[in-house]
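This report describes a two-chain model from its overall make-up down to single residues. Please consult the sequence and the structure alongside the text.

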Amino acid sequence: MRALSADHDDVEVLAAVADGDRPALRVLYDRHAPWLALRLARRCADPGLVEETIQDTFVAIWRGAGRYKGQGDVGAWIWGIAIRRLIDALRRQPRRQILVAEVDDRPSAEEEILLGVEYGDLGGALQRLSPQLRAVVQATVLDGLTSREAGRLLGIPAGTVKTRMMRARAQLREELA
Amino acid sequence: MSWHVQSELLERYARGDADGAQAFSVEAHLPSCPQCRGQIAALVDGAVLQGAWEGIEERLDAPRRGPVETALMRAGVSEHVARLLGATPALRLSWLLACALVLAFAAWAASRHDGGVYWFLVLAPLLPLAGVAVAYGPDVDPTYEVGLAAPMRSFGLLLIRALAVLVTTTAMAAIAALALDGLHWSAAAWLAPSLGLTLASLALATRMSALAACASLGALWMLAAGVGWHLAREPLVLFGAAGQVTCALVAAIAAFVLARNADSIERRGGMA
């Protein structure tokens, strides 16, 4: 087994992990666990569940490193595993602790935002989405989840994810037009 | 990559203070940028990550649970008992499959010949006996050494495994008996002999190895079956009222001997 260092990129390290190289897993962990922890913490308020998800993720990587087919960034591949492990972990927990919880769904808050629209920048437009709509955009666009997975993560039905995504899209389109 | 997240924004993101749109761009960027990942790694609590890593190593080093162990834990059996039972040689899938095959064959034979049910009845009590023979001991148990050091008493382990073996083989034999043509009292006649033989083997195992105890009892049982048939010219004589009472009696005596000798098994550190 070759010694791994900072010179080896993620693809090479992952190949070593697939060969059963435990130190290589540690290298991968040191590189990716920190940002995973931060990103997961933004989606789950329970630190214990975040830690459990990180562990599940790297155990899954250890057993399934050979499944990486060289398409896309290793970081994105790892995130795909992590977010689905988080959904699994949330499903095992009867009491859900989600950062963006299902709050009241009054349309008035959104209408207020829509009335105040005068700008055309994407950042601002995203910012003015209601927290519920932004959570759905985050789960489907940024995290790459299906409507069903996003629904499980956010604790809402898949149909609600779809309608909220449509509303978010309409709002963004209108603001950026 | 030419574009990178500003250090100030990375710090705010790590603190959880970045607003939605800013966090979006940080999160979209990090998976593909080793440089920014390295920068943000310094902002995360290392102790928490080290703790999580130790948990990962522990899980990678732990033996993976077999199907029996997983099923037992689902059913609410505590982890250490599930592991001890899961390691029972006679609860391996190969063993259970072999038992099922033998029973299926016996049931098939019983349905094809008039005397077939007799062979089924002779065979059914032998299965739990054979299971107990390989339930615990230095020759057959991969966890034997571990078991000696475990905080559980050897006798307790032996009993719990024998019980598990008895329950599984009896359940399988019962299913096979239901498949016999024309449900009759005789389909249940193997229950008392089965219990008697198993308990007797456990009692004998306080004096000799489990393997030898089970083998000699099995041979004795077959001999009794053959002689009974020959003398009485009636295949089911062994399973009549007298036979059932004898078996129950043997079971009771064996249970008594077993209870009195529990300590001797204990002192010898199992059935060596």
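**Basis of the description**

Residues are numbered from 1 along each chain as its sequence is written, with chains lettered from A and ligands numbered from 1 in the order in which they are written. The model is predicted: local features need pLDDT of at least 70, side-chain atom pairs count only at pLDDT 80 or more, and totals for chains, interfaces and linings use all residues.

**The two chains**

Helices (H or I, at least four residues) and strands (E, at least two) are DSSP runs, numbered from the N terminus. Chain A has nine helices and zero strands, and chain B has 15 helices and zero strands. A residue is buried if 20 or more other C-beta atoms lie within 10 Å of its own, exposed if 12 or fewer, and partly exposed in between, with C-beta atoms placed from the backbone. By this criterion, 37% of the 177 residues in chain A are buried, and 36% of the 272 residues of chain B are buried.

Two residues are in contact if their C-beta atoms, placed from the backbone, lie within 7 Å. Among contacts in chain A with a separation of 6 or more, 61% join residues 24 or more positions apart. The corresponding value for chain B is 72%.

**The contact between the chains**

Chain A contributes 25 residues to the contact, and chain B contributes 23. On the side of chain B that touches chain A, the elements giving two or more residues are α1 (7–15), α2 (20–29), α3 (34–41) and α4 (46–61) of chain B. Of these, α4(B) gives the most, with seven residues. The classes used here are nonpolar (Ala, Val, Leu, Ile, Met, Phe, Trp, Tyr, Cys and Pro), charged (Asp, Glu, Lys and Arg) and polar (the others, Gly among them). The side of chain B that touches chain A comprises 16 nonpolar, three polar and four charged residues.

**Helix packing**

Two helix pairs are set out in the table. Axes are lines fitted to C-alpha atoms, for helices over the stretch in contact, and angles run from 0 to 180 degrees between N-to-C directions.

| Helix pair | Angle | Axis separation |
|---|---|---|
| α3 (residues 47–64) and α4 (residues 74–92) of chain A | about 130° | 9 Å |
| α9 (residues 126–133) and α12 (residues 191–204) of chain B | roughly 20° | within 8 Å |

Angles under 35 degrees count as roughly parallel, over 145 as roughly antiparallel, 65 to 115 as roughly perpendicular and the rest as oblique. At about 130°, α3(A) is therefore oblique to α4(A). At roughly 20°, α9(B) and α12(B) are therefore roughly parallel to each other. A crossing is left-handed if the near helix is turned anticlockwise from the far one by less than a right angle, and right-handed if clockwise. The crossing of α3(A) and α4(A) is right-handed, and α9(B) likewise passes α12(B) in a right-handed crossing.

Where α3(A) meets α4(A), the residues of α3(A) include Leu49(A), Glu52(A) and Asp56(A), and those of α4(A) include Ile78(A), Ala82(A) and Arg85(A). By class, this contact has eight nonpolar, two polar and three charged residues. In chain B, Pro128(B), Leu129(B) and Val132(B) of α9(B) meet Ser194(B), Leu197(B), Thr198(B), Ser201(B) and Leu202(B) of α12(B). The contact of α9(B) with α12(B) has five nonpolar, three polar and no charged residues.

**Two helices in detail**

The expected span of a helix is 1.5 Å times one less than its number of residues. For the 19 residues of α4(A) this gives 27 Å, which agrees with the 27 Å between its end C-alpha atoms. Buried residues of α4(A) include Trp77(A), Ile78(A), Ala82(A), Arg85(A) and Leu86(A). The buried residues of α4(A) pack against α1 (10–18), α2 (22–41), α3 and α8 (147–154) of chain A.

Helix α13 (residues 210–232) of chain B has 23 residues and reaches 32 Å from its first C-alpha to its last, close to the expected 33 Å. Its buried residues include Cys214(B), Leu217(B) and Trp221(B).

**Two single residues**

Thr170(B) is found in helix α11 (residues 154–178) of chain B. Thr170(B) is partly exposed because 19 other C-beta atoms lie within 10 Å. Beyond its neighbours within four places in sequence, Thr170(B) is in contact with Pro128(B) and Ser194(B). Those two residues also belong to the contact of α9(B) with α12(B).

Ala107(B) lies in helix α7 (residues 93–112) of chain B. Ala107(B) counts as buried because it has 24 C-beta neighbours inside 10 Å. The C-alpha atoms of Ala107(B) and Val117(B) are separated by 7.5 Å, with the two residues ten apart along the chain.
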